[in-house]
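Hi everyone, thanks for having me. Let's look at a structure together and walk through a few of its details.

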Amino acid sequence: MTSNSPLAPAWLEVPADLNALHEPLWAAGVARNGDGELTIDGLAVSELQRQYGTPLFVLSESDFRARARAFSDAFNDAFADICGGVDVYYAGKSFLCTSVVRWVEEEGLRLDTASGGELAVAARAGIPGADVALHGNNKSDGEIHRALDMQLGRIVVDSLDELERVATIAANRGDTARVMLRLTPGVHAHTHEFIATAHEDQKFGLSMAGDTTDQAGLSAAEEAVAAATRHESIELLGLHCHIGSQIFEPDGFALAAEKLLDFLAAMQSKYSIVLPELDLGGGYGIAYTPVDTPRPAAEIAQAMAAVVRSKCAALGITAPRISIEPGRAIVGSTTFTLYEVGTIKTVRVDAPAAEGSGDVTYPRRYVSVDGGMSDNPRPVLYDADYSAILASRSSDAAPQLSRVVGKHCESGDIVVRDVYLPEDVAAGDLLAVPGTGAYCWALSSNYNYLARPGVVAVSDGSARLIVRGETEEDLLNRDMGV
């Protein structure tokens, strides 16, 4: 085994076998064939490139369905004796198209949306409105009207101002809006600050903190409960929270559940109302690199059920119906992105040598691919780490520390910051980056006028486009200049 480069981060180890697949990173059905080429359900990546080009998102439909069922089965089993089971809402913001909505419905899940556009996808797919939720910290009047038109099962209200607008719009229509209140429990999740969403100093939710919003001394959360009970056009279903994303440790989820149950019991006592539902959000982490250790759905479910069971018993209240919102944990690992290698160059970088010996220069190889930050902006947004493998063939060459970069005019256009790839990687080879199912296509852009890649779903040895890749004509059709 080649020794670790001084330029490599401490967590990155030199792989014993560059051709091996670390299973938690990949969808079930991903393997290498006898020629060493990466396959998914028996389909070789070279054939996928021939049919659909690169970059390309390659998604395993069977793996998506299996992960959806795993969450539904695990949480229903864990909460059966507490509240009769759990409602699992797939967080559509992670990746959404009409095929995915249909898979979600067919596997018995519901759908969480965050915009009018996502509601439009849901409507086109034909999922019943009663199985759809609408989130968002700044819903437009049009989105509220669409939610009421579709008779959504829940509108998750994010502020006092929004509660009043929802109530007014519903009243003027002669409708009743089914509402949950998103609360901010003040839990600091162990994740990147841009995807931690339950601490006080951020845009989401109604604060449960002691600082008050009115002269009666009520917190924003309690004021919202009181206001909702006064509106005949509001059916207050319960409470909601979401502490962040890509979280591995259960402590934050447990603390948030305890805080919301305390609040629910206090509201029940003070206002003589029973809030029948409690949504504990999502944010469960997945493996992006070999050192990531995601928890199985059953382990998460059992840990959360134990907290809810004991807390409700201590408070002497009937447990509310629990719901959760996994997105990344269902779709993230179902997908890899396939790229073709182009330019390769090696640079020399200074790094400390042995103590007292001064700096020494070490090689770092830059491997450029035909996509980049336009199809995966997460590394530049969140310092997200990924892995990569040589996909078009196996190799016995020595491992070399590499940085996989895109083709955009940005020095921050990095796909994989640090990874060991074979020394003989060359132009024309294919690389595969696993774990790109969540927030890659959804956050993609046309930076430098690159067309967004397509998404191919593979099932039972066959592939089909579920999202067509854009063409230059698609881009030019929106240019209204003369």
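Before we start, a word we will need: a residue counts as buried when its relative accessible area is under 20%. Also keep in mind that what you see is a predicted model.

Now find helix α7, residues 220-230. How many of the 11 residues of α7 are buried? Nine of them are, so the helix is largely enclosed by the rest of the structure. If you want to click through them, they are A220, A221, E222, E223, A224, V225, A226, A227 and A228.

T184 is buried because its relative accessible area is 3%, and the cut-off is under 20%. A polar atom of the T184 side chain lies 2.9 Å from the backbone oxygen of F204.

Next, please turn to helices α3 (residues 98-106) and α4 (residues 116-125). Their axes are 9 Å apart, and the two pack at an angle of about 65°. The helices α3 and α4 are therefore roughly perpendicular to each other, and α3 passes α4 in a right-handed crossing. Which residues meet there? From α3 come T98, V101 and R102, and from α4 come V121, A122, R124 and A125. Sorted by type, the residues of this contact are four nonpolar, two charged and one polar.

Methods. Residues are numbered from 1 along each chain as its sequence is written. This is a predicted model: local features need pLDDT of at least 70, side-chain atom pairs count only at pLDDT 80 or more; totals for chains, interfaces and linings use all residues. Side-chain values use heavy atoms; hydrogens and water are left out. Axes are lines fitted to C-alpha atoms, for helices over the stretch in contact, and angles run from 0 to 180 degrees between N-to-C directions. Helices (H or I, at least four residues) and strands (E, at least two) are DSSP runs, numbered from the N terminus. Angles under 35 degrees count as roughly parallel, over 145 as roughly antiparallel, 65 to 115 as roughly perpendicular and the rest as oblique. A crossing is left-handed if the near helix is turned anticlockwise from the far one by less than a right angle, and right-handed if clockwise. Contact means heavy atoms within 4.5 Å. Ala, Val, Leu, Ile, Met, Phe, Trp, Tyr, Cys and Pro count as nonpolar, Asp, Glu, Lys and Arg as charged, and the others, Gly among them, as polar. Buried means under 20% relative accessible area, exposed over 50%, partly exposed in between (1.4 Å probe, protein chains only). A polar contact is a pair of N or O atoms within 3.5 Å; within protein, one must be able to donate a hydrogen and the other to accept it, and residues adjacent in sequence count only if both atoms are side-chain atoms.
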